Amino acid sequence: MYPPTRKDFVSLTLPERDPRTYNNGKQWRRQSCWRKWKQLSRLQRSLVLVALPLLVMCLVLVYPRLAGRWRGFVDGGAKEEPEKQHDHGLKPVIPGVVPGVIPEPPKQNIPVLPEAPPVKKPFPKRGPPVLQNRAQKRGNVSDSQVEEEMPVVKSREQGDGEKPLVSWRGAIIEADQTTDPQPSVQEKVAVPGDPAEGATPKPVDSATRLEAVKEAFRHAWKGYKQFAWGHDELKPISKSYGEWFNLGLTLIDALDTMWIMGLKEEFSEARAWVATELSFSKNIDVNLFESTIRILGGLLSTYHLTGDALFLDKAKDIGSRLMPAFNTPSKIPYSDVNIGKGTAHSPRWTSDSTVAEVTSIQLEFRQLSHLTEDPRYRDAVDEVMRLVHKLDGKHDGLVPMFINTNSGQFTHLGVYTLGARADSYYEYLLKQWVQGGKKETELLEDYLKSMEGVKNNLLKKSSPSGLTFVGELSHGHFSPKMDHLVCFLPGTLALGAHNGLPGDHMELAKQLMETCYQMYVQMETGLSPEIVHFNMQAGEGRDVDVKLADRHNLLRPETVESLFYLYRFTQDRKYQDWGWEIFKNFNKYTRVPSGGYTSINNVRDTEYPNPRDKMESFFLGETLKYFFLLFSDDPELINLDKYVFNTEAHPLPIWPNQPPAEV
Ligand code: DMJ
């Protein structure tokens, strides 16, 4: 019982206001401020008087930096140190913005580049680049956008010509902060068969090309070994490393490449690291897809190539630690797993997973079951395929990019792409069918249907050269945008045709191969950008347009991968020659003298390709491996009737081939 005096209400006392000024808020606030000021002690007032001017000065000093960052953000371009994003990873979905499509800035009256050279032009002469982070020179514009001025800002103490602060795509960095002194002109990389300026190139034989790829690997390895040993990625410009999962990603991704190239010394030092240093017993979150294709895939393929049980043990360890990802209401796995704690979750802002991610882990987990005779791995990933097979929301066999881990339904319906977030779904339909001995008819049906969907909805021709390309569909609207990632498709189509699928798949593979090659040839550096837009207006401009934000090259493998398949199946040497051109340009524009190769920001600028200071693990895991296989004339070097490559270029046996005896 409450005491009788207790009042069951809350009393609220409102501050009194002068009735004369009650309706005049500004004046009332001014008087109130003044009263508060008067109530301060003398010491407090003096402190405020000293602090205020200091605050104003600070604001004035940092304003350009903030403004620069903001410009970089709205430009959609690279940030100072972009957050690690995997190709299929989820980013928050902004209302009104189609996922994966960077909104274009408003069009302006702009100068246009001079008429593009014809598609089959001779290779342009390219000057030596400077591999330093520095301001962009003007004049290298997208066909439809003005190059943003890259102001060179000077610090207060600096006079002209002294250590400038450089604004780089909106980020401000000390020119020499992360970059050790570089030669003013990049060291001339001696590539066999690279002619002197003006001279006609001499044909280069396969042995020379193979040796050049091995040399490139050794050069990359040298940088990794010296500056990033045991870490995830080399940062070759700053001679340091970056972590993503903290699991020696580059080293694991590169194991089978070294084996295939016969780099015994490098392989055995890497093996020793795996044996003594690699531990998965760590309280870390890893992305299920990325760790499956790179780590589990890399360990399994190395086991199959070498027969060394160490790699199988490690594969079992990581495989079982990834299994909590499948504990969801729908059985569609979460994107992230803590391999130490055995917990899994979606990204913070959504309960969706990416379709490509949940449907491109099957080759690896199925193989793990095959080896261990433990069906849990295979059951989990086969269930995902069964669920996706039955789902509504597909368009002519094409899948949306997101799927919900609670409901098991597709989300964000209406956007269809063969690029990021959907790409390897299509690749793994075919490859699982191949892996399983061509028996699983649902997989084949879905693959064939989706390729019809591509032809009906996404395939168009560019103008003026009539290049066949794969665009995107967004809520019924066709966009002529094609990611470099889509260049896996010629190889996959060719693999299907080799396995008895319709002959027109091979025809399409050849056409798309030409297009992917042109995405390199038509750039000033001879290296493809991340994304291109094709011109579809008859009689207008050039075939390929590149937006400002899309000019980077991350040393990706897809085109080289497809060249390898096309060469294997057709024996047409032009594919080797195309690959050789691309290889030489990687050497010319991305090779860092002190060791390693770097992603670059601008494939349209031969003088300042603008290094990003990162060598992705797939450069050693995939790109250099596919170069090596492309230049090899030995069909037994990873026989495509015995092995199927996972999406990270790790070859896994086609069943019912038995695993090798342990050595
Ligand atoms: C690799 O991790 C894989 O090839 C993946 O399928 C796509 N992205 C990168 C290479 O570009």
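**Reading the features**

A: Start with one residue and its contacts, meaning heavy atoms within 4.5 Å. Leaving out neighbours within four places in sequence, F365 is in contact with L288, T292, L296, G319, L322, M323, F326, Y377, R378 and V381. This is a predicted model: local features need pLDDT of at least 70, side-chain atom pairs count only at pLDDT 80 or more, and totals for chains, interfaces and linings use all residues. Residues are numbered from 1 along each chain as its sequence is written, and side-chain values use heavy atoms, with hydrogens and water left out.

Q: Which residues touch the most other members of the largest nonpolar core?

A: Such a core is a set of buried Ala, Val, Leu, Ile, Met, Phe, Trp, Tyr and Cys residues joined through side-chain atoms within 4.5 Å. Buried means under 20% relative accessible area (1.4 Å probe, protein chains only). Here the core has 153 residues, and L255, F365, L418, M482 and L624 touch the most other members. Helix α14 (residues 503-521) gives the largest share, 10 residues. Helices are DSSP runs of H or I, at least four residues; strands are runs of E, at least two; both are numbered from the N terminus.

Q: How many disulfides does the structure hold?

A: A disulfide is a pair of cysteine sulfur atoms within 2.5 Å. The structure holds 1. It joins C487 and C516, with sulfur atoms 2.1 Å apart. C487 lies in the loop between β17 (481-483) and α13 (489-498), C516 in helix α14, 29 residues apart. The link is left-handed, at -100° about the S-S bond. Both C487 and C516 are buried.

How values were computed
Buried < 20%, exposed > 50% of the residue type's maximum accessible area, 1.4 Å probe, protein only.
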